[in-house]
Amino acid sequence: MTRKEFDRFVSENGKDILRFCRMNAGGCAEGDDLYQDTMLTLWEQVDKLNKGKSMKSYALSVSILIWKNKRRKYAWRHRIAAFESYEKHVENGLYISGKSSEEPEQRILQKEMTEMVQRQVQALPQKYRTVVYLYYSAGLKFKEIAECLHIPESTVKSRMYKAKSILKMKLASIMPDGPEDKGCWRMEDS
């Protein structure tokens, strides 16, 4: 890949990768650092990159590996198992449907519903949460997610199914009528 092609790749896919980095890192500052480290790593490898393969999924997998390494270093230094800010995601990884109403009450209800679903997604175990974010936020297909995480495509599908089941069960317990009955949100079928 030439440096000009790399610049084109960054201008076309940089926003998606930055958004994923911010969600994965749990904030703007940490996400920006992760994005910068990812792009620097890709820039250093620009001569070795193959433009025929999905560069976006490769860039996201590099981002995941860098983030995991940072978390390991942090855990090792502080002798704890998890990086606390990892749980504080900035953006919502789910698709919230419905018309955007001009009614203030509707907007407030929609915002509350979004925040509730977001909290439930954040509470998912990491392996499910990562698949949900890669699918809904980064817009990757199951095959690309499998390449990105270095796991079989069937594992990606089963993790997505399990994540949806967990979310449906948790949201049903929070909302007795169920979110489907309200018509406020839906998760796209895979």
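Colleague: Where is the place of A138?

Modeller: This is a predicted model. In it, A138 sits in the loop between α5 (126-136) and α6 (142-149).

Colleague: Why is A138 called buried?

Modeller: Buried means under 20% relative accessible area. A138 has 5% relative accessibility, so A138 counts as buried.

Colleague: What does A138 touch, not counting residues up to four places away in sequence?

Modeller: The residues are K56, L60 and Y133. Contact here means heavy atoms within 4.5 Å. Take L60: A138 and L60 are 78 residues apart in sequence. In space their C-alpha atoms are 8.8 Å apart.

Colleague: Which residues is L60 in contact with, leaving aside its neighbours within four places in sequence?

Modeller: I17, F20, L134, A138, L140 and C148. L60 also belongs to the largest nonpolar core. That core has 48 residues. Those that touch the most other members are F6, I17, L42, L60, L124, L134 and I145.

Colleague: Which helices each supply at least two residues of this core?

Modeller: They are α1 (3-25), α2, α3 (55-78), α4 (104-122), α5, α6 and α7 (153-174). In soluble globular proteins, nonpolar side chains tend to be buried together.

Colleague: How many helices and strands does the protein chain have?

Modeller: There are 8 helices and 0 strands. Along the sequence the pattern reads α-α-α-α-α-α-α-α.

Colleague: How do you know that the span of helix α2 agrees with what it should be?

Modeller: Helix α2 covers residues 28-44, which makes 17 residues. The expected span is 1.5 Å times one less than the number of residues. For α2 that should give 24 Å. The end C-alpha atoms are 24 Å apart, so the span agrees.

Colleague: Which residues of α2 are buried?

Modeller: G31, L34, Y35, T38, M39 and L42. Seen down the axis of α2, these buried residues fall within an arc of 130°, so they line one face of the helix. The face turned away from the buried side carries the exposed residues A29, Q36 and E44.

Colleague: How many aromatic pairs does the count come to?

Modeller: The count comes to 4. One of them is F6 with W43.

Colleague: What makes the F6 and W43 pair tilted?

Modeller: Rings pair if their centres lie within 6.5 Å, and these lie 5.3 Å apart, centre to centre. Planes under 30 degrees apart count as stacked, over 60 as edge-to-face and the rest as tilted. The angle between the planes is 55°, so F6 and W43 form a tilted pair. The pair links distant parts of the chain, with F6 in helix α1 and W43 in helix α2, 37 residues apart.

Colleague: Are F6 and W43 buried or partly exposed?

Modeller: F6 has 4% relative accessibility, so F6 counts as buried. W43 has 34%, so W43 counts as partly exposed. F6, F9 and W43 form one aromatic cluster.

Colleague: Why is the pair of Y135 and F142 called stacked?

Modeller: The planes of Y135 and F142 are 15° apart, and under 30 degrees counts as stacked. Their centres lie 5.1 Å apart. Y135 is buried because its relative accessible area is 16%. F142 is buried too, because its value is 13%.

Colleague: What share of the protein chain is buried?

Modeller: Buried residues make up 43% of the 190 residues. The accessible surface comes to about 11400 Å². Carbon and sulfur atoms hold 51% of that surface.

Notes. Residues numbered from 1 in each chain as written. Predicted model: local features only at pLDDT ≥ 70, side-chain atom pairs only at ≥ 80, totals over all residues. Heavy atoms only, no water. Helix = DSSP H or I, 4+ residues; strand = E, 2+ residues; numbered from the N terminus. Buried < 20%, exposed > 50% of the residue type's maximum accessible area, 1.4 Å probe, protein only. Areas by Shrake-Rupley, 256 points an atom, 1.4 Å probe, with all protein chains shown as cover. Arc of directions from axis to C-beta. Core = buried A, V, L, I, M, F, W, Y, C linked by side-chain atoms within 4.5 Å. Phe/Tyr/Trp six-rings, centres within 6.5 Å; stacked < 30°, edge-to-face > 60°.
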